[in-house]
Amino acid sequence: MPQKAWQILPHPPPGLSQSLSLTFFQTTLLYHRGAINPEDIKAFLSVDSRLSTDPLILPDMGKAVARIEQAVARRETVGIFGDFDVDGITATAILVLGLKNIGLTTIPYLPDRKDEGHGLNSEAVAVLRAQGTTLMITADCGTNSSMEIELGSSLGMDTVVTDHHTVQESFAGAVAVINPQREDSHVRDSVLTGAGLAYKLVEAVYSSLGKSLPDDLVGLAALGTVADVGPLQKENRFIVKRGLEALSHTKRPGIQALISKSRQTKDSLNTETLSFWLIPRLNAAGRLGDAKLSLDLLTTDSPSTAERIADELNEINAKRREISDEAYLQASEQILQSGPELPLVLMVENENWVPGVLGLIAGRLAEEYYRPVIAATNDKDICRASARSIPEFNISAALEENEELLLRFGGHPMAAGFSASLRNLPTLMKSITERAEKQLNPSELVPSIKIDAEIGPSEVSGNNFKFIKRLEPFGAGNPEPIFLNRGAQVISARMVGADKRHTQMQIDCDGTWWNAIAFHQDHNLKPGDQIDIVYKMTLNEW
């Protein structure tokens with residue numbers, strides 16, 4: 001893994017602390033998170049409804065609400081077409097539970113990752129229509145599926161789209177397209193994920209009907225937001241804060257079983273436990289099999305069914321880890337064999353890799369080599385690939401530039417996927433690499449770690465640590481504060497963990513001893529060594 005450059009963030013402007021009546025430490029952390037005036041700070045620290053926007057400002061929201069109310073009046077059957085990742089699964093669950101609660105019959109449909117891939121497809125449209133669907137709502141997809149939407153219309157089925165992906169084509173045929181990325185959107189800076197948009201749609205419907213929104217829906221929205229690495233700014237911050245509270249008090253059997261089988265407790269839930277324990281289990285089903293298993297877990301009312309599914313997801317997740325670890329080692333070997341001069345865009349491929357682990361492979365390699373990475377497999381003459389990038393290179397834009405070479409594509413600046421004919425792959429890679437050569441300088445491709453302040457642990461503890469807790473929830477767009485301490489002395493050090501890959505230490509910082517651990521680091525430290533440390537301060541829960 002490349003050595004990270006230490007980047008100490010700038011101090012806030014002189015006089016800002018006094019004008020805000022805050023300490024310099026508090027002002028510094030808020031300034032680095034974009035809160036620079038009293039109103040911003042109040043909303044940031046309170047994380048209350050001031051961060052929640054009126055759903056009707058989203059494009060076509062009024063049209064969507066009117067069509068759903070019409071469906072309620074007519075007792076229509078509503079098909080929910082989602083996606084097989086956790087953002088799509090939770091968005092689907094929100095719509096299924098939310099609409100069921102107002103009397104609608106819903107039929108969920110999650111595509112098969114291997115056979116159908118991402119996005120709406122004509123076979124699914126026909127299946128939903130054959131099951132009696134007269135209104136289809138998409139969750140986390142559908143913006144760029146005008147052909148499939150028009151097919152549904154020709155079969156007598158209306159469509160409402162909820163999506164947050166880049167708009168690649170002029171959408172036609174849908175009753176409503178709720179996507180903040182539309183050119184005519186007044187909220188193009190929205191940070192809402194697919195689950196967040198599904199939640200806002202249900203919120204708008206309930207508001208129009210004069211009903212109270214069930215608490216458990218915001219918990220599902222929080223799961224989807226964290227899973228899709230939605231920036232924890234603006235409304236996402238409110239959704240995740242409220243969602244974590246809802247999850248900790250949930251009565252839903254599926255969530256309770258998932259928490260228990262993940263060896264967590266309701267009191268331990270935060271963005272980190274969601275990311276490392278709950279979300280991988282929900283994702284595993286869609287990676288290796290049928291994502292509907294996770295959807296069933298989230299929507300079931302039966303404790304026994306929830307227990308059975310949670311056990312099954314545990315087993316699938318263990319298998320997923322085994323498969324992805326083996327594939328990662330094979331991919332690493334390919335890169336090592338490519339020679340000492342790394343290309344700007346790395347590509348690894350193996351016809352035996354499961355499509356569901358391609359994103360995991362690409363993500364690990366992108367972090368390790370700090371390059372855009374494409375991981376691919378093929379089925380006959382079709383290549384299926386996932387891409388993961390770095391902040392300096394927009395991989396989604398690179399794919400969009402080569403749309404004519406692709407059968408299907410979509411995603412975000414740092415994470416995307418596509419399918420293409422194998423004969424087009426060399427041309428595609430050449431084009432993406434040429435774009436990277438224009439935009440990237442290999443000598444500057446160094447990951448950085450942003451440091452809030454140079455300050456010792458003794459100063460961070462106490463009231464300052466209490467203030468740090470007020471900045472939660474942490475995640476993308478609102479990172480946990482990081483500090484620098486120079487000249488710490490090693491008191492003791494030893495390697496720990498099942499594979500002895502982590503350094504556990506006692507260190508002396510200005511006369512006070514602290515317990516510390518450096519994950520995935522071995523610096524061969526000895527008592528008496530002087531070290532500079534970049535650190536986060538946490539409570540030892542054990």
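Q: Which residue in β6 does Val160 stand opposite?
A: This is a predicted model, in which local features need pLDDT of at least 70, side-chain atom pairs count only at pLDDT 80 or more, and totals for chains, interfaces and linings use all residues. Residues are numbered from 1 along each chain as its sequence is written, and side-chain values use heavy atoms, leaving out hydrogens and water. In β6, the residue opposite Val160 is Ala176.

Q: Which strands stand at the edges of the open sheet of 5 strands, and why is one side of each left without a neighbour?
A: The sheet has parallel pairing and the order β3-β2-β4-β5-β6.

Q: Which residue in the turn between β15 and β16 has a positive phi?
A: β15 (residues 502-509) and β16 (residues 512-518) pair in the antiparallel sense over 7 bridges, with Thr503 opposite Ala518. The two strands form a hairpin with 2 residues between them. The phi is about 55°, and the residue is Asp510.

Q: How many residues does the largest nonpolar core have?
A: A nonpolar core joins buried (under 20% relative accessible area, 1.4 Å probe, protein chains only) Ala, Val, Leu, Ile, Met, Phe, Trp, Tyr and Cys residues through side-chain atoms within 4.5 Å. Ile137, Leu201, Leu220, Leu223 and Leu274 touch the most other members of the largest core. Another core, of 29 residues including Leu16 and Phe483, lies apart from it. The number of residues in the largest core is 71.

Conventions:
Pairing = 2+ DSSP bridges. Helix = DSSP H or I, 4+ residues; strand = E, 2+ residues; numbered from the N terminus. Buried < 20%, exposed > 50% of the residue type's maximum accessible area, 1.4 Å probe, protein only.
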